Amino acid sequence: MSGCFPQGRFNRCSRGHAVADRSVYPFMLTVAEQALRPGEARALRVRDVILSEDGWGELTVRHRGVARKVPLQPSFVEFLRKWISWAGLREDDLLFPGRRGGRLSVSVCQRVWQQAQEAVPRDELYSWRLGEPFSILRESCLATWLRLGISSFTVAELAGLTPVWLEHRYPYCFEREDAGTDSEDHPAKTVALPDSLER
C-alpha cells in the first residue's frame, strides 16, 4: 500500500490541520486493505473496532442494514490503534471524522486522491488509469484476494458480496482458484494479505 499513496504527505499533517485532512489517509488505507465500500468506511465508529491484545482484531461493518464482521491482521490492528490514539478519538466518535466531527466528505477524499495520483510518476501509472475514483481501491483489493487463490466464498463473506457477483465481475481472476481452497481457519489468516469499491 505504501507504493499507492505518498504516505509521508499525510504523515506530515500536523494536529493543527483540519480533521478531515488527517483522516483521509487512514480512511483510504482501510478501504484498500479491508475491501470496504467507501460508504461503509465513512460510517465506522470507534466502537465498531475490536483491537484485541492477542494482535488480531475485527471491524463490524454495516451495509443497507446488514452487519458483517471483517477480521483484521495484527499489522492493521496496530495501525488503527495508533491512529485512534493519535487522533484522540472516543468510543462514539467516527473512526475517520470529517469537519466538526461529521462524516468525512467525499469531495475531500476525491481531492486528496487526485493529488495522490498526480504525485505518482507517469511511468508508474500504466496500471492506474488516471482519473479513476478512489473506490477503485476496493476493487483492487478484491481482485488481489482472488488472484491469490482465496475462495470466492471467503472473499464474498469478507466484502459483503455474493460469489456469483464476484465471478461475473472478475472472471479473469478465477483461473487459479481451486474449489477446495475454502478454509475453515480464521478468515484473515486465510487471506494472509501482505503488508502492503463501492459496488
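Helices (H or I, at least four residues) and strands (E, at least two) are DSSP runs, numbered from the N terminus. The structure is a predicted model, in which local features need pLDDT of at least 70 and side-chain atom pairs count only at pLDDT 80 or more, while totals for chains, interfaces and linings use all residues. Residues are numbered from 1 along each chain as its sequence is written, and side-chain values use heavy atoms, with hydrogens and water left out.

Thr-60 is located in strand 2 (residues 57-63). With a relative accessibility of 12%, Thr-60 counts as buried; buried means under 20% relative accessible area, exposed over 50%, and partly exposed in between (1.4 Å probe, protein chains only). The side chain of Thr-60 forms a polar contact of 2.8 Å with that of Lys-69. A polar contact is a pair of N or O atoms within 3.5 Å; within protein, one must be able to donate a hydrogen and the other to accept it, and residues adjacent in sequence count only if both atoms are side-chain atoms. When neighbours within four places in sequence are set aside, Thr-60 is in contact (heavy atoms within 4.5 Å) with Leu-44, Asp-48, Ala-67, Arg-68 and Lys-69.

Two loop residues were also examined. Arg-64 lies in the loop between strand 2 and strand 3 (66-72) and has a positive phi of about 55°, although it is not a glycine. The relative accessible area of Arg-64 is 76%, so this residue is exposed. Arg-100, in the loop between helix 4 (74-87) and helix 5 (106-119), likewise is not a glycine but has a positive phi of about 60°. Arg-100 counts as exposed, at 86% relative accessibility.

Helix 7 (residues 152-159) is largely enclosed by the rest of the structure, because six of its eight residues are buried. These are Ser-152, Thr-154, Val-155, Ala-156, Leu-158 and Ala-159. The N-terminal end of helix 7 is capped by Ser-151, a side-chain oxygen of which lies 3.1 Å from the backbone nitrogen of Phe-153. Just after helix 7, Gly-160 adopts a positive phi of about 70°.

Helix 6 (residues 136-147) packs with helix 7 at an angle of about 155°, their axes being 10 Å apart. Axes are lines fitted to C-alpha atoms, for helices over the stretch in contact, and angles run from 0 to 180 degrees between N-to-C directions. The contact involves Arg-138, Leu-142, Trp-145 and Leu-146 of helix 6, together with Ser-152, Val-155, Leu-158 and Ala-159 of helix 7.
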